[in-house]
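Please read the following report alongside the sequence and the coordinates.

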Amino acid sequence: GSGLVGSEMCIRDRNSNEVCTVSFYSGLTGELIGTRTAEYGTEIPLSEFPKAPDAVGYNFAEWQYADGSAVSGSINVTENTSCYAAYEAKMYTVKFWDDHTDVILRTDTVPYGTVIKAEDFPEHIEHEGYDFKGWYGYGEFLDEVTVVSNVIIYATYEQHPYTVTFVDGYNGETLQSVTVLYDNGLYLSLIHISEPTRPEPI
């Protein structure tokens with residue numbers, strides 16, 4: 001179909017023909033893509049519109065008039081007219097992954113550029129002997145994430161350190177303290193215990 005569109009009156013050229021200007025803009029940035037002049041009443045099919053520029057994270061959807069209605073088939077130029085390349089955000093998958101148990105905590109599908117704040121991340125799992133270290137994705141620890149691709153965000157943990165203290169059972173004196181991580185064995189080679197010093201019986 002064709003539509004009658006425009007916002008300003010056309011001008012007359014020196015041959016008394018009414019000449020209109022059609023301006024093409026990016027609907028994302030407002031940047032001028034190009035212009036075309038045409039005589040009053042000219043039909044311009046969509047196939048003759050300029051190519052909409054590529055936009056990171058977006059797919060070109062359609063050409064629209066300034067009021068947001070779609071250009072359908074062609075335009076009948078009766079006034080100076082502006083047309084806008086409309087885009088749709090690409091959709092991306094965000095997986096929240098528990099790095100300790102390899103379980104997916106939640107999967108979101110969101111448009112490009114969506115900001116997910118830490119308070120909207122899923123609850124991390126509490127694991128015995130491990131401390132939650134933080135959420136990790138896009139190569140860094142995150143308080144929030146701006147989604148620009150499919151991504152896995154990891155709940156990361158570190159082993160909790162424990163202090164093992166060896167005490168002389170006779171006098172209560174501390175012989176040695178050793179810090180070990182949860183789930184790690186305590187190896188006697190790490191422990192240097194001197195012979196207990198007990199008084200000789202009389």
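Which residues in the largest nonpolar core touch the most other members? In this predicted model, the largest nonpolar core holds 17 residues, and those touching the most other members are Val 22, Ile 44, Phe 49, Trp 63, Val 71, Ile 75 and Cys 83. Strand 3, strand 6 (58-65), strand 7 (74-77) and strand 8 each contribute at least two residues to this core. Apart from it lies another core, of 15 residues, which includes Phe 121, Tyr 130, Val 147 and Ala 155. When neighbours within four places in sequence are set aside, the contacts of Ile 44 are Val 22, Arg 36, Ala 38, Phe 49, Ser 74, Ile 75 and Val 77.

Strand 3 takes part in two pairings, which are set out below together with one bridge from each.

| Pair | Sense | Bridges | One bridge |
|---|---|---|---|
| Strand 3 (residues 18-26) and strand 4 (residues 32-39) | antiparallel | seven | Thr 21 with Thr 37 |
| Strand 3 and strand 8 (residues 81-89) | parallel | five | Ser 23 with Ser 82 |

Strand 3 and strand 4 also form a hairpin with five residues between them, and within the turn Gly 30 has a positive phi of about 80°.

His 124 counts as partly exposed because its relative accessibility is 22%. Its side chain makes a polar contact of 3.2 Å with the side chain of Glu 126, and, leaving aside neighbours within four places in sequence, His 124 is in contact with Leu 105, Phe 132, Trp 135, Ala 155 and Tyr 157. The C-alpha atoms of His 124 and Gly 134, which are ten residues apart along the chain, are separated by 9.1 Å.

Thr 156, by contrast, belongs to strand 15 (residues 151-159), and it counts as buried because its relative accessibility is 12%. Not counting residues up to four places away in sequence, Thr 156 touches Asp 99, Asp 131, Phe 132, Lys 133, Gly 134, Tyr 136 and Phe 141.

As for confidence, the mean pLDDT of the chain is 85, and 82% of its residues reach 70 or more. Over residues 1-7, however, pLDDT stays under 50, although the model has 23 contacts beyond four places in sequence for this stretch. Where pLDDT is low, the predicted coordinates should not be read in detail.

Note on methods. Residues numbered from 1 in each chain as written. Heavy atoms only, no water. Buried < 20%, exposed > 50% of the residue type's maximum accessible area, 1.4 Å probe, protein only. Contact = heavy atoms within 4.5 Å. Polar contact = N/O pair within 3.5 Å; in protein donor to acceptor, adjacent residues only side chain to side chain. Helix = DSSP H or I, 4+ residues; strand = E, 2+ residues; numbered from the N terminus. pLDDT = per-residue confidence, 0-100. Pairing = 2+ DSSP bridges. Core = buried A, V, L, I, M, F, W, Y, C linked by side-chain atoms within 4.5 Å.
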